[in-house]
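Take a look at the sequence and the model below. Two places in it are worth a guided visit.

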Amino acid sequence: MAARWAGRGLWGRRQGRRFIYTPAVSRLTSEEVIQMRNELFNKEKERQLSLYPRIEKIEVKYTGKSHPGSVFVMNKALSTPYNCAMHLSEWHCKRSVLALVDGEAWDMYRPLTKSCEIQFLTFKDEDPEEVNKAYWRSCAMIMACVLKRAFKDEYSVNLIRAPEVPVICGAFCYDIILDDRLNDWKPTNDNFRSLTRDAGKLIHKDLPFETLHVEAKVAREMFQHNRYKLEMIERKASQNMEGIVVLHRFGDFVDVSEGPHIPRTSFCFQYEITAAHNLQTNQSELIRRFQGVSLPVHLKAYYIVWQKLLERSKRLVTEEKYLEAAAEHHEAKDGTEEEKAASV
Amino acid sequence: MRLTVPAAISHGRVFRPLGLGPRSRLDLLRNLVTALVRHERIEAPWARADEMRGYAEKLIEYAKLGDTNERAMRMADFWLTEKDLIHKLFKVLAPRYQPHAGNYTRMLHIPNRDSLDRAKMAVIELKGNPLPPLIRQRRDSEKTLLNQLLKGYREDMQQAAAPQAPGGTPV
């Protein structure tokens, strides 16, 4: 491996004397890409930290049910909702998954920037929809990390995106394009078991999910080798007013995501990667959808129930069916409301 | 009072001496059974409630035999000091517990009594009573992750068992 890397470096330098230097070609090894992304992430994080050289205090009001009327005095751009939970109790630290800051869902480890109102969301609330979505996103990201590292360096792995699937579908998924030589490869049960074991190792390491809000051009520089990620960055930047893209990192895997994630990987308890399907698209490359199912530490399932959920998660999960169902549900609701209004 | 050490050790003794003597103990328990049948939920010292529980369940078993039965009527007459409760026992409680076989009462602990004796208290109630429940079951909401996954699984099973035509006709 070291000889191969050195050889490529020499070749690049020799070419540089004769031709125009093309940086994209020299950085195709995955470790170098990972290192580059991590360096950029760290640099951006330090830069954002250095914007506040002096510590300023902000007042954060707690609007939850357990300690009504508490006010925390925290540091601006340094304290996180997790620090606020530490002031309340250990139960709050262990149980809360997301923080509701001024009505918006925030990660637990994202620094607070101004005085606001805070509330903590757990898995067992009355309406844990945001929490469920964040959990599904985090599980998909863990699966992406596992898949990226699973193959040998000579086979290229291109991550596309994690489709936003509702929890009731029964599985989280990640779309991925593998090397052309693997087009006929069908993953077997043993392959899935080893992928699951890799994911288990990551979960056991208890890595925190770090968030970073960066401008679109920094994100573009990080993901310059992956055109699908670039498209996603463009889409996210156009949706946002200031052109800011949210990146998440755990360990040394960085990814663009659509919303907040759970605080640590140890929140997952039962995790399994169950199936891989080939998506039918009009593109020339074969897009594969890897699926899995997971449950958090707070909502463990008995093993018989878990087996049934695993069986169900092996079926292909598509977004369109549920978007249609949601649209029909909305239409039906509007219809009944109109009837009620007419009868009154 | 047990003033000698050997008399104070009570390993393995199941007999509880309540009240002033055997007759007094029976009267005490009879009053408690009457109160239980009248109010269907009472608070009492734990030892008395525990002792009374067996007698109350045996009384209900006698009541299940029917009020024409001579022995059942004599038992109800002895144990219920207020005679209007005999009618309630045979006409309300016996039919209520006809499908059950035993375990007609529920006994739970209560914080110790506030007075000087700090006695260990219990609440004893007849099951199926019309009062609000003692323990509220905290069920997880329908929308938690596990419940949503199970709901999806259940719907899939139902669809597989009874395949409906797409765009079903309104019933």
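The model is predicted. Start in chain B. Two packed helices are described by the angle between their axes and the distance between the axes. Here the pair is helix 2 of chain B, residues 22–39, and helix 3 of chain B, residues 46–64. Their axes lie 9 Å apart, at an angle of about 65°. Angles of 65 to 115 degrees count as roughly perpendicular, so helix 2 of chain B is roughly perpendicular to helix 3 of chain B. The crossing of these two helices is right-handed.

Now look at the residues that meet. Helix 2 of chain B brings B:Arg25, B:Leu28, B:Leu29, B:Leu32, B:Val33 and B:Leu36. Helix 3 of chain B answers with B:Arg48, B:Glu51, B:Met52, B:Tyr55, B:Ala56 and B:Leu59. Nine residues of this contact are nonpolar, three are charged and none is polar.

Move on to the second largest pocket. Its volume is about 1,200 Å³. The lining holds 42 residues. Closest to the pocket centre are A:Gln48, A:Arg110, A:Pro111, A:Leu212 and A:His213.

Which elements of chain A give two or more residues to this lining? They are helix 3 (30–50), strand 4 (104–106), strand 8 (210–215), helix 9 (227–239) and strand 9 (244–250). Strand 8 of chain A gives the most, with six residues. By class, the lining of the second largest pocket divides into 19 nonpolar, 13 charged and ten polar residues.

How values were computed:
Residues numbered from 1 in each chain as written. Chains lettered and ligands numbered in written order. Predicted model: local features only at pLDDT ≥ 70, side-chain atom pairs only at ≥ 80, totals over all residues. Heavy atoms only, no water. Axes fitted to C-alpha atoms, helices over the stretch in contact; angles between N-to-C directions. Helix = DSSP H or I, 4+ residues; strand = E, 2+ residues; numbered from the N terminus. Parallel < 35°, antiparallel > 145°, perpendicular 65-115°, else oblique. Left-handed = near helix turned anticlockwise from the far one by under 90°. Contact = heavy atoms within 4.5 Å. Nonpolar A, V, L, I, M, F, W, Y, C, P; charged D, E, K, R; others polar. 1 Å grid on protein atoms, 1.4 Å probe; cavity = no way out; pocket = protein on both sides within 12 Å on 5 of 7 lines; lining within 4 Å. Points joined across faces, edges and corners; volume = space filled by probe spheres on them.
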